[in-house]
Amino acid sequence: PVHAGEPVRIGWPVVGNRAHVLDGEGREVPEGVVGELWMGGAGVARGYLNQPALTAERFVEHPDHGRLYRTGDLARRESDGALVYLGRSDSQVKIRGHRVELSAIEAFLCSYDGVVAAACALQGEAPLQELSAFLVTDASRPVRVDAVREHMTKAVPDHMQPAHYALVDSLPTRDASGKLDRSALPDIRPAARA
């Protein structure tokens with residue numbers, strides 16, 4: 001079952017397959033920590049038809065787990081071993097020396113009751129870039145930014161904490177694809193408004 005504002009539990013791999021949640025270096029992450037979902041076992045194909053470059057990128061010989069497929073999906077493992085899907089890993093940025101998936105931060109923001117959608121963006125010029133968060137909320141459940149900020153201090157490490165928050169009616173999307181257009185998010189840093 002999928003419920004608005006709640007993480008999506010995708011369960012366990014089918015018999016004959018294996019699921020690994022790995023960090024950017026290909027190491028297993030602890031239970032509850034977000035990483036990329038890699039699949040192994042009988043269900044892993046040899047590669048993409050007539051696409052050797054993409055095959056080499058996605059189908060990897062892992063030193064500990066053998067042949068694995070990098071899904072590009074973010075996930076975390078729960079205490080019962082079930083996997084929770086947290087979005088795609090194509091929004092990776094570097095914050096204070098840490099590689100971070102913006103979609104992972106957005107998933108934690110959406111886990112707050114009343115937040116129905118979220119987007120994050122690095123704003124400003126390096127090395128002074130700051131993380132901004134944009135929240136779309138359910139009108140029937142008012143959300144206070146200070147409460148979301150407190151929720152995030154308990155949910156994620158310091159380098160994943162948004163410095164600025166804004167409540168918005170909707171998130172900008174690209175044409176008909178419906179994908180988030182991060183470049184269209186307004187700069188909400190106080191310095192940008194001065």
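Reader: Could we begin with arginine 9: is arginine 9 buried, partly exposed or exposed?

Author: Arginine 9 is partly exposed, with a relative accessible area of 39%; here buried means under 20% relative accessible area, exposed means over 50%, and partly exposed lies in between (1.4 Å probe, protein chains only). This is a predicted model, where local features need pLDDT of at least 70 and side-chain atom pairs count only at pLDDT 80 or more, while totals for chains, interfaces and linings use all residues. Residues are numbered from 1 along each chain as its sequence is written, and side-chain values use heavy atoms, leaving out hydrogens and water.

Arginine 9 forms a salt bridge with glutamate 78, with the closest N and O atoms 2.3 Å apart. This pair links distant parts of the chain, 69 residues apart: arginine 9 is in strand β1 (residues 8-11), and glutamate 78 in the loop between β5 (66-77) and β6 (83-88). A salt bridge means a side-chain nitrogen of Lys or Arg within 4 Å of a carboxyl oxygen of Asp or Glu. Strands (E, at least two residues) and helices (H or I, at least four) are DSSP runs, numbered from the N terminus.

Glutamate 78 is also partly exposed, at 23%. Both residues belong to a network of salt bridges that links Arg9, Arg76, Glu78 and Asp80.

The structure holds 13 salt bridges. Another one joins arginine 70 and glutamate 36 (2.6 Å, N to O). Arginine 70 lies in strand β5 and glutamate 36 in strand β3 (residues 35-41), so this pair ties together parts 34 residues apart in sequence. Arginine 70 is partly exposed at 27%, whereas glutamate 36 is buried at 10%.
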